Amino acid sequence: MSDLSLSVSTTPSTGFYNIIVSGKSFNLSTTALYSDSPNYFTDVFSSPLEESRTKTMFIDRDPEVFKDIVSGYYVTPRDENHYADLIADATYYNLMKLKAQLRANYIVNVGGKVFRVDKEILEKRDAPNFFTSFGFGYGWEPSGIPPTPLPLTIPPPILDRDPELFSDILRYLQGYEIGIKDEVHRQNLLKDARFYHLKGLTEKLLASSMTVNGFAKEDSTKNEILFRLKDIRPASVLLPENNNNSNNNNDDMLSDESSVVATGSTSHIMYKNKEGTVYVLLVEIHNVHLICRYDAPSSPMTATTTPITNPATPTNQPRTSLLRPILELSLSDKDMQKLKNIAKSIKASEEIVTIIQSPETCAFEIDGARCTLEALSNTEKLSHLMKTDDTNQGNRYLTLYVTRSILRLFINNGRVEMEMLKCEAFSSERGFNCKREFLPDEKRIAL
């Protein structure tokens, strides 16, 4: 209420109304009383009730909250509990202007720190979000028709999140750039952006790269997007609508929610961004082991393990025997779970194939030097790095430490498989040590 002249008295003066709130008396002028009308007070004082003759009313509410309401100044909630009290009494007294004023801001308690956020900031940028979609802004407001008793006032929930991160997110919503301090800061911002359902900010925080593959066989697979595997949101992953490589008819594809990808079909796994653009999904993985197996027994990759002879070797020199290895990724539990979540989102089998496809076009870099898949097939040159497994078959294998690799995901016979496009790896600790870097030289500081 505005334009208020407030005094505390037991007898109302001429032109004043005496409102006694839990024993404390407030004298309100006619101007103040009608500044936010119609309301509970104007309805009572204009009725044939006794109060209209005596100009006195008794109310069983909190006098401190009422004092804030009739203070004549813009009411600023101190915290989420004060906000709940103000909203409850503004509703009880049917003060619609005051209620609209309070509702112009969200009062958000994040990790014990209270934020007063302009309603338009949360409702106009990156919406819908946690605050607008889940009734966070108004969900705690008591309902009821004055002057009937209201239900118990429920304050806004205290969000168990980092207040400093929320401050950064607010700056983004206000139109400012966020200064990413390091990878940990980015990951934490990404985690909270997803918690608050801020899809636009989430996509901005995702480390990604978009490319156009001019060698793609189909126009629909030219646009590619690369994410770190840990950053992928499974809900944005999908399969193309038309699977041109499918060996089955569309009748073989089940459409109910319990269905899985049809067997006998092969398809790229795609990613759809917020704007609805669809890309072929590429993923980047870090710090895993790649097992190169030689002389393997019968397996799905047997056709690739046949010894071959290098045709480039001159006829007067001994020919080098090559044995193409079976490549298998040893992924972490987190990486495997992420792949299972992706498979689940597209209704594929959660049995992930860790034996990867590696075409001749894969760009290998081992121990800092570029090499080809053929070089990995040269068992003679690699013999000093090979080990023999403990089985009776005595199969040989080579373990590479992959610092980073780019994979293309696809569905084959209802299971998620991977195709390696680029790989940076090390064959030995010595090779890894050669790539280590010293700390930068200390800079002289002029005092």
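Me: What makes the phi of N287 in strand β12 worth a remark?
Reply: In this predicted model, N287 sits in strand β12, and its phi is near 55°, a positive value in a residue other than glycine.

Me: Which other residue has a phi near 55°, and where does K55 lie?
Reply: K55 has a phi near 55°, again positive in a residue that is not glycine. K55 lies in the loop between α3 (50-54) and β3 (56-59).

Me: Why is K55 called partly exposed?
Reply: The relative accessible area of K55 is 29%. Buried means under 20% and exposed means over 50%, so K55, at 29%, is partly exposed.

Me: Which residues is L329 in contact with, leaving aside its neighbours within four places in sequence?
Reply: L329 is in contact with I285, V288, H289, L290, T354, I356, L407, M418 and M420.

Me: Why are α9 and α10 called roughly perpendicular?
Reply: Helix α9 (residues 163-173) and helix α10 (residues 183-195) pack at an angle of about 80°, with axes 10 Å apart. Angles of 65 to 115 degrees count as roughly perpendicular, and therefore the pair α9 and α10 gets that label.

Me: Which residues make the contact of α9 with α10?
Reply: On the α9 side they are L165, D168 and I169, and on the α10 side H185, N188, L189, D192 and A193. The residues of this contact divide into four nonpolar, two polar and two charged.

Me: What makes α9 largely enclosed by the rest of the structure?
Reply: Eight of the 11 residues of α9 are buried, so the helix is largely enclosed. The buried residues are P163, L165, F166, D168, I169, L170, Y172 and L173. They pack against β4 (105-110), β5 (113-118), α7 (119-124), α8 (130-133), α10 and α11 (199-205).

Me: Why does T76 count as partly exposed?
Reply: T76 has 42% relative accessibility. Partly exposed is what falls between the buried limit of 20% and the exposed limit of 50%, so T76 counts as partly exposed. T76 is placed in the loop between α4 (63-69) and α5 (80-92). Leaving aside neighbours within four places in sequence, T76 is in contact with H82 and R116.

Me: How do you know that the peptide bond from S37 to P38 is cis?
Reply: Omega of the bond from S37 to P38 is near 0°. P38 is found in the loop between α1 (30-34) and α2 (40-45). A cis peptide bond also joins A127 and P128, with omega about 0°, and P128 is found in the loop between α7 and α8.

Definitions and conventions: Residues numbered from 1 in each chain as written. Predicted model: local features only at pLDDT ≥ 70, side-chain atom pairs only at ≥ 80, totals over all residues. Heavy atoms only, no water. Axes fitted to C-alpha atoms, helices over the stretch in contact; angles between N-to-C directions. Helix = DSSP H or I, 4+ residues; strand = E, 2+ residues; numbered from the N terminus. Parallel < 35°, antiparallel > 145°, perpendicular 65-115°, else oblique. Contact = heavy atoms within 4.5 Å. Nonpolar A, V, L, I, M, F, W, Y, C, P; charged D, E, K, R; others polar. Buried < 20%, exposed > 50% of the residue type's maximum accessible area, 1.4 Å probe, protein only.
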